[in-house]
Amino acid sequence: MPTAVLVLASAWVTLLLVGGGLALLRAGDVVHRIIALDLLAALVIALLALVAYLRAEPYYLDAAVALGLLSFVATVAVARHIGSGGPVE
Amino acid sequence: MISILLDVVGSVLLLVGLLALSVGVQGLFRLSDTYHQLHALGLATGPGVMAVLASSVATEDAATISLAVLGIIFVAITSPVSSHAIARAAHRRDQSGEQ
């Protein structure tokens, strides 16, 4: 892929990260904050994938996969905590 | 020839993915209701990340593509489940608040 495309895409995802951070700061409710954090994790996964393509290093994708699974576990744990007061009902 | 074709396919997938991610962020800003925000998050962000990961075909590198496919599988499994968990938590909290 042309390097210019990847650099532009990385810059755009970074802008989106700033936007997601603003949404996180603006959120007034706990659930809104969880949603914003989930979105931020997805954006960081995309950014890591773009860095992996840009540097031709597949190792960044390892970090992307691990981050995806970690953010999934974190989201489910916090959602369980809010929904039922604890991880076990 | 095939390299140019893969470049085009990868760039288009990248564009689609970035558009979907932008829609997700925009939805978080424009929509105030929790369930509407979840709608934007679940329907736009997961496929957006998957499209960005799928644009790895343009790199023509076996390790990168196989890791990206692994990431696509994980995102395809975890994104709906986490959306559902958040929606369930919000619903339960609303219900317990009304009682």
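Helices (H or I, at least four residues) and strands (E, at least two) are runs in the DSSP assignment, numbered from the N terminus. The structure is a predicted model, in which local features need pLDDT of at least 70 and side-chain atom pairs count only at pLDDT 80 or more, while totals for chains, interfaces and linings use all residues. Residues are numbered from 1 along each chain as its sequence is written, and chains are lettered from A, with ligands numbered from 1, in the order in which they are written.

Read along its sequence, chain A follows the pattern α-α-α, with 3 helices and 0 strands. Its radius of gyration is 16 Å, well over the 12 Å that the globule rule gives for 89 residues, so chain A is more spread out than a compact globule. The radius is taken over C-alpha atoms, and the rule is 2.2 Å times the number of residues to the power 0.38. Along its principal axes, the C-alpha trace of chain A spans about 50 × 30 × 10 Å.

Chain B also runs α-α-α from the N terminus and has 3 helices and 0 strands. Its radius of gyration is 17 Å, whereas a compact globule of 99 residues would have one near 13 Å. The C-alpha trace of chain B spans about 65 × 25 × 10 Å along its principal axes.

A residue is called buried if 20 or more other C-beta atoms lie within 10 Å of its own, exposed if 12 or fewer do, and partly exposed in between, with C-beta atoms placed from the backbone. By this criterion, 39% of the 89 residues of chain A are buried, and buried residues make up 42% of the 99 residues in chain B.

Helix α2 of chain A deserves attention. The 26 residues of this helix (residues 30-55) should span 38 Å at 1.5 Å a residue, and the end C-alpha atoms are 37 Å apart, which agrees. The expected span is 1.5 Å times one less than the number of residues. Just after this helix, A:Ala56 takes a positive phi of about 55°.

The two chains meet through residues in contact, that is, with C-beta atoms, placed from the backbone, within 7 Å. In these terms, 42 residues of chain A are in contact with 41 residues of chain B. On the side of chain A that touches chain B, two or more residues come from each of α1 (3-26), α2 and α3 (59-84) of chain A. The largest share, 15 residues, comes from α2(A).

A nonpolar core is a set of buried Ala, Val, Leu, Ile, Met, Phe, Trp, Tyr and Cys residues joined through C-beta atoms within 7 Å. The largest such core has 51 residues, of which A:Ile35, A:Ala46, A:Ala49, A:Leu50 and B:Ile86 touch the most other members. At least two residues are supplied by each of α1, α2 and α3 of chain A and by each of α1 (2-30), α2 (34-54) and α3 (62-98) of chain B. Here, too, α2(A) gives the largest share, 16 residues. Leaving aside neighbours within four places in sequence, B:Ile86 is in contact with A:Val31, A:Ile34, A:Ile35, A:Thr75, A:Ala79 and B:Leu38.

Not counting residues up to four places away in sequence, A:Ile82 touches A:Val30, A:Val31, B:Ala89 and B:Arg93.
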